[in-house]
Amino acid sequence: PIAVPYLSDALVIVPSVPVITAVQSASCLKSSSVVFVHECRDGEITIAGQHFDTMQKKTRVILTRTGFNRHAVCEVRSLSKDQVVCDLKVPPSASGNWLMVVGVLDVLSDPVPIGLVSPTPVVHQLVLSTCLQKITNVESPLLNGCRPGVLSIVGAHFDNVKPSMNVVTFVPSLNAEGVPPSCQVFASSDTTLECE
């Protein structure tokens, strides 16, 4: 911190500008990209630097991307004057180039480019609806009444904000004939997709 004298006898303490010198984590891989140094997935990240504050309420890690209204989050777990450890959560469909900044109160470090990789969607079960009945004891919370031809997909890491960001693709088997069917997603949650 720097003490800045004012016209009165009181001094105002201004925090020093935080500086990020390195990003390290088992969930971050060295990138071959010229744009950013690391590609990171969900997990614990250690940010090395200078002028961080040891009070958790004052220090935060900000990840931002122009034109993207759903932000990745890195919740601060522990810190010292030269290190911040945070838990990174990358939302579905958020892969790409981001900027990482460490903020102490309203003073921000220079942004560091970082690549984020969304978790891969996982499918656990497929259920084809045939009107108002449970199939294999799974009933989708998104299905409102009877919609013949609705395919419910139960899994993890789906985009729950914008259903159209989820794309269902049918891959033909070796002996398949004709054009694979299509299934347009109309509803989604973190764990369920519904398409017809």
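These legends go with a set of close-up views of one predicted protein model.

The model is a prediction, so local features are taken up only at pLDDT of at least 70 and side-chain atom pairs only at pLDDT 80 or more, while totals for chains, interfaces and linings use all residues. Residues are numbered from 1 along each chain as its sequence is written, and side-chain values use heavy atoms, with hydrogens and water left out.

**View 1. The whole chain, for orientation.**
The protein chain comes to 0 helices and 16 strands; helices (H or I, at least four residues) and strands (E, at least two) are DSSP runs, numbered from the N terminus. Of its 196 residues, 36% are buried. Here buried means under 20% relative accessible area, exposed means over 50%, and partly exposed is in between (1.4 Å probe, protein chains only). Take the contacts between residues at least 6 apart in sequence: 59% of them join residues at least 24 apart. A contact means heavy atoms within 4.5 Å.

The average pLDDT of the protein chain is 77, and 74% of the residues score at least 70; pLDDT is the predictor's confidence in each residue, from 0 to 100. Over residues 131-146 the pLDDT is below 50, though the model still gives this stretch 26 contacts beyond near neighbours in sequence.

**View 2. The largest pocket.**
This pocket has a volume of about 270 Å³. It was found on a 1 Å grid over the protein atoms alone: a cavity is a set of points where a 1.4 Å probe fits but cannot get out, whereas a pocket is an open set with protein on both sides within 12 Å along at least five of seven lines. Grid points are joined across faces, edges and corners, and the volume is the space filled by probe spheres set on the points. The largest pocket is lined by 20 residues, and Pro121, Phe158, Asn166, Val167 and Leu193 are the closest to its centre; a lining residue has an atom within 4 Å of a point. Strands β13 (122-128) and β14 (151-156) each supply at least two residues of the lining. By type, the lining divides into 13 nonpolar, 6 polar and 1 charged, where Ala, Val, Leu, Ile, Met, Phe, Trp, Tyr, Cys and Pro count as nonpolar, Asp, Glu, Lys and Arg as charged, and the others, Gly among them, as polar.

**View 3. Asn160 and Ser188.**
Asn160 sits in the loop between β14 and β15 (185-188), and Ser188 is in strand β15. They are 28 residues apart in sequence, yet their C-alpha atoms are 5.2 Å apart in space. Asn160 is partly exposed, because its relative accessible area is 35%; Ser188, at 12%, counts as buried. The Asn160 side chain makes a polar contact with the side chain of Asp190 (3.0 Å). For a polar contact, a pair of N or O atoms must lie within 3.5 Å; within protein, one must be able to donate a hydrogen and the other to accept it, and residues adjacent in sequence count only if both atoms are side-chain atoms.

**View 4. Thr191, in the loop between β15 and β16 (192-195).**
Thr191 is partly exposed, with a relative accessible area of 40%. Leaving aside neighbours within four places in sequence, Thr191 is in contact with Ile153, Val154, Gly155 and Phe158. Val154 is 37 residues away from Thr191 in sequence, with 5.7 Å between the two C-alpha atoms.

**View 5. Val102, in strand β10.**
Val102 counts as buried because its relative accessibility is 0%. Not counting residues up to four places away in sequence, Val102 touches several others, including Pro18, Ile20, Ile47, Phe52 and Val61. The C-alpha atoms of Val102 and Ile47 are 8.9 Å apart.

**View 6. Asp53, in the loop between β6 (43-50) and β7 (59-64).**
At 15% relative accessibility, Asp53 counts as buried. A polar atom of its side chain lies 2.8 Å from the backbone nitrogen of Met55. Beyond four places in sequence, Asp53 touches Lys58, Thr59, Leu79, Ser80 and Val104.
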